[in-house]
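Please consider the sequence and the model shown below. The paragraphs that follow lead through a selection of structural details.

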Amino acid sequence: MDSFLSLFDPSQPDDGFDEESDIRNSNSNSSDSITQSSNQNSSSESELDGQNNKIVIDFDQGVLPPEPQIGNIEYKLKLISPSKQRFEHLVTQMKWRLREGHGEAIYEIGVSDSGHLHGLNEKDMNASLCTLKQMAHKLGASTSVLRIVYVAGRRSVAEVLVRKIPDDQHNIEVRVAVLGGADAGKSTLLGVLTQGEFDNGRGRARLNMFRHMHEIQSGRTSCISHETLGFDSQGKIINYKYNEMMTAEEISDRSTKLVTFMDLAGHRRYMRTTVQALSGYSPHYAMLVLSAGGGFNGTSQEHLSIARALDMPFFVVVTKTDITPPDQTVQELKNLLTSIGCRKVPFVVTNTDEVISAGSNQFSENIVPIFCVSNVTGSGLNLVTRFLYVLSPGISNLEKERLEQEPCEFHIDEIFRVSEVGPVVGGLLVKGVLTENMRMKIGPLPCGRFHSVTVHTIHRNKAPCRVVRAGQSASLSFTPNQILPTLRSGMVLLNDTGNDEPCGTLFFQAKVSVLFHATAIYVGFQTTVHIGSIRQTAVIRGIMGGEKIGTNDSASVMFQFVGHPEYVRAGMRVLFREGSSKGIGVVTQVFPLNRIIGQN
């Protein structure tokens, strides 16, 4: 932290005074007795992940990990009557922390840079919170106190969430994929969370989640359904705050934080659709839903293995606890998560303090929060909503800026036809910045070439907007009356620079690892390949350095798409599966059709 602060004023200590001397002159027993203002029985792990610079805050330990130099967490011993110059310095520091957290920062007030819980009396705490609020107001941000912990009697430590919506966004968005087997209660859980009414025990809450008549009749989701949960600056749910019939556009406009759920199919028959959504939409988190009575079945294990293969952080929600105690299912889950192949740390969340410990610090990749809820009685649902409120997108600010500076690349995942508008494509902007009336190229066509188009309008979360940045999902329409090729899922939109002509490919090489196969994979093996929004059957045409590969083997493999060319580039993640066989890898080389045709 000192090296960062020296950029602003090397001669000035962190808070305008000598923290260490202030601590020495105060009560030295401040860390011995700790109680929480609203939750007396909180416990969790406290650790610093050196590789990912993620910390898990646990006040029960009496001391926090040292303040991280990067990230969105800031420690402040006190903020009392700063000078004008000091105030501007603190505002600049807050702006940096907000950028690191994509509009969200966590301030620990009453904590020294070393992590010592010094605490403040009531007067100093109120003055510090007032200064923090003024700092946030200067940046157009809001503050909300997440929790207050008392140390050594009347001295307290406060944890405050500072949130600022970026200038080019309606709100801060977090995408969550909802996984789990059939009859686990995924759609019912989303219905209760987004509508604010408990289920009647017969699935009434899930009816609005379905998109097709056969889903209503069977009670099972067969496609990707998108639902939104909005929060205001104080953590109150927007969906049913003002009236019972709020549209998605109204929820988006009034929310400072928006959680977008992707309700995925739980039946094994629709596994390809589920994998395509996880690969194409790149959700920030996965929510695995289990039934307390159904246990950890095969489909749930399959979904979990796919999420882990894609390096996606996840948390677990155990439903139907009003029918069956969740103890057995939770124990099964703990056994699996702690097994040699998984090596995760299960963390059963039972109170608000543990929710904030798990969520506000972007929990360590080894920790998996577990919630036990009932959609009928509402038990535990408040913990889930609070957890979603403090979750933030996990991509680093430097990585986000790097992606935005690259040429546009929009992956098409869904295609609609809207009356009086024409074709509309939905998907994810992987790189660059996309604006209205921007010239793009769409493809590849069956011949491998691309077609020039102009983006007419842009919608995000069913609300119009003018710009989309890397990592955001959106729907795009095209200028009316222009000629469009036949559109399909898996196509991409690229910058129309007029220089290098993009081209599709049938052949690509990838370094792969086989997660599971019953016997061995030979040349000629057919499998479904997922690369971003691409989902197509491919054939293995060559295995470098051997004749076969089996479970836990790695090799460089040549693939050929069976149906039509796709746009693939080196560095893209590959997931292939066929039946129970699964493998992951990274594209290392592509062979564009125009280059192959030119050589021939």
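**A closed sheet, its helices and its rings**

Strand 26 and strand 30 run antiparallel and are joined by 3 bridges; two strands count as paired if DSSP finds at least two bridges between them. Helices (H or I, at least four residues) and strands (E, at least two) are DSSP runs, numbered from the N terminus. Within this pairing, V529 has F576 of strand 30 as its bridge partner. The structure is a predicted model, in which local features need pLDDT of at least 70 and side-chain atom pairs count only at pLDDT 80 or more, while totals for chains, interfaces and linings use all residues. Residues are numbered from 1 along each chain as its sequence is written, and side-chain values use heavy atoms, with hydrogens and water left out.

On its other pairing, strand 26 meets strand 27 in the antiparallel sense over 6 bridges, and T527 stands opposite A538 of strand 27. These two strands form a hairpin with 2 residues between them. In the turn, G532 has a positive phi of about 60 degrees.

In the order 24-29-27-26-30-31, 6 strands close into a barrel with antiparallel pairing. Neighbouring strands of this sheet are turned against each other by 45 degrees on average, direction ignored. Helix 8 (residues 271-280) packs on the sheet and touches strand 26 (526-531), strand 27 (534-543) and strand 30; contact means heavy atoms within 4.5 Å. The direction of helix 8 makes about 35 degrees with that of strand 26. Axes are lines fitted to C-alpha atoms, for helices over the stretch in contact, and angles run from 0 to 180 degrees between N-to-C directions.

Strand 30 (residues 573-578) is also joined to strand 31 (residues 581-592), by 6 antiparallel bridges. There, E578 stands opposite S581. Helix 9 (residues 298-309) lies across strand 24 (505-516), strand 30 and strand 31, at about 40 degrees to strand 31.

The aromatic side chains come next. A search of the whole structure finds 8 aromatic pairs. Rings of Phe, Tyr and Trp (its six-membered ring) pair if their centres lie within 6.5 Å; planes under 30 degrees apart count as stacked, over 60 as edge-to-face and the rest as tilted. One of these pairs is formed by F371 and F387, which is tilted, with 5.1 Å centre to centre and 55 degrees between the planes. This pair links F371 in strand 14 (residues 367-372) to F387 in helix 12 (residues 381-390), 16 residues apart. F371 counts as buried at 1% relative accessibility, and F387 likewise at 0%. The rings of F508 and F559 have their centres 5.2 Å apart and their planes at 15 degrees, so this pair is stacked. F508 lies in strand 24 and F559 in strand 29, 51 residues apart. F508, F559, F561 and F576 form one aromatic cluster.

Finally, the backbone deserves attention. Most residues other than glycine have a negative phi, and most peptide bonds are trans. S81, in the loop between strand 4 (73-76) and helix 3 (84-100), has a positive phi near 45 degrees. The peptide bond from G443 to P444 is cis, with omega near 0 degrees.

Notes
Buried < 20%, exposed > 50% of the residue type's maximum accessible area, 1.4 Å probe, protein only.
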